[in-house]
Amino acid sequence: MRHGKKINHLGRTASHRKAMLSNMAASLILHKRVSTTVAKAKALRKYVEPLLTKSKNDTTHSRRTCFAYLQNKESVKELFDEVSVKVANRPGGYTRILKTGYRLGDNAEMCVIELVDYNEDMLASASTATGGAKRTRRRGGKKSSDAANTENTEATTATAPVTDAGTAAPAVEAAAQAETEAPAASTDATSAPEESTDSNEETKDAK
């Protein structure tokens, strides 16, 4: 009986399973995502996430421990130089499993397991979603806004005649001033011939 034995043997011996998970973990660190079955991805997540946590402490002992699991110098270098910087502020949950359907041959459930901090599309969409301000509307907020709009329109209509009258007043004053100036000019024009007749009479008397 296998009571309490929750490990998934994946249909392999211990040595085969260990070698497979080691190779998959090295590939995940180097390529940032791996396409595999859901059962293998869940087993890989338990295998690789402790290594990612250990990479945050860059010491010789940590590097040797990770190399004992990965057996790949390039992946260890990538883990401690690049990946550890990305996951430095993340308290766990370094990987994501995205299901992609079923395999054609044996109908096995397939997925993509990837490092969370290296999916730029999802990071960009998450930042835009959280960047907008949260809108909250209290009860009756719409009614109060409608009432405010109606008050504004009434105020503008009430002040409109005042502004028209204010603009019309200078025009009326200008017209009245023009009328008062016009008779004065005409009287000056009529007085001019009288002055000329007086000058003619003086010349006649002199003769």
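These legends go with a set of close-up views of the structure.

Before the close-ups, a word on the model and its numbering. The model is predicted, so to speak a calculated one: local features need pLDDT of at least 70, side-chain atom pairs count only at pLDDT 80 or more, and totals for chains, interfaces and linings use all residues. Residues are numbered from 1 along each chain as its sequence is written, and side-chain values use heavy atoms, with hydrogens and water left out.

**View 1. The overall fold has six helices and three strands.** Starting at the N terminus, the elements go α-β-α-α-α-β-β-α-α. Helices (H or I, at least four residues) and strands (E, at least two) are DSSP runs, numbered from the N terminus. The protein has 207 residues, and 23% of them count as buried. Here buried means under 20% relative accessible area, exposed means over 50%, and partly exposed is in between (1.4 Å probe, protein chains only). The areas themselves come from the Shrake-Rupley method, with only the protein chains shown counting as cover for residues.

**View 2. Lys32 bridges to Glu78.** The two side chains meet in a salt bridge, N to O at 3.0 Å; the term stands for a side-chain nitrogen of Lys or Arg within 4 Å of a carboxyl oxygen of Asp or Glu. This pair ties together distant parts of the chain, 46 residues apart: Glu78 sits in helix α4 (residues 73-86) and Lys32 in the loop between α1 (14-31) and β1 (33-37). Lys32 is buried at 15% relative accessibility, while Glu78 is partly exposed at 22%. Lys32 also has a positive phi of about 70 degrees, although it is not a glycine.

**View 3. Gln71 is another non-glycine residue with a positive phi, about 55 degrees.** Most residues other than glycine have a negative phi. Look for Gln71 in the loop between α3 (60-70) and α4. Gln71 is exposed, with 55% relative accessibility.

**View 4. Asp81 and Lys77 pair up within helix α4.** Their closest N and O atoms are 2.9 Å apart in a salt bridge. The two are four residues apart, so about one helical turn separates them. Lys77 counts as exposed at 51%, and Asp81 as partly exposed at 31%.

**View 5. Arg103 and Asp106 form a salt bridge, 2.9 Å from N to O.** Arg103 is partly exposed at 35%, and so is Asp106 at 48%. Elsewhere, salt bridges with shared partners join Asp58, Arg63, Lys77 and Asp81 into one network. The structure holds 10 salt bridges.

**View 6. Lys6, Lys42, Arg45 and Lys46 make a positive surface patch.** Patch residues have over 30% relative accessible area and no salt bridge; like charges are joined within 9 Å, and nonpolar side chains (Val, Leu, Ile, Met, Phe, Trp, Tyr) within 5 Å. Lys and Arg count as positive, Asp and Glu as negative, with His and the chain ends not counted. Each charge is placed at NZ of Lys, CZ of Arg, CG of Asp or CD of Glu. Lys46 belongs to helix α2 (residues 38-54) and is exposed at 67%.

**View 7. Cys66 and Cys111 are both buried.** Cys66 has a relative accessible area of 0%, and Cys111 likewise has 0%. The structure holds zero disulfides, a disulfide being a pair of cysteine sulfur atoms within 2.5 Å.

Notes
Accessible areas come from the Shrake-Rupley method with a 1.4 Å probe; for residues, only the protein chains shown count as cover.
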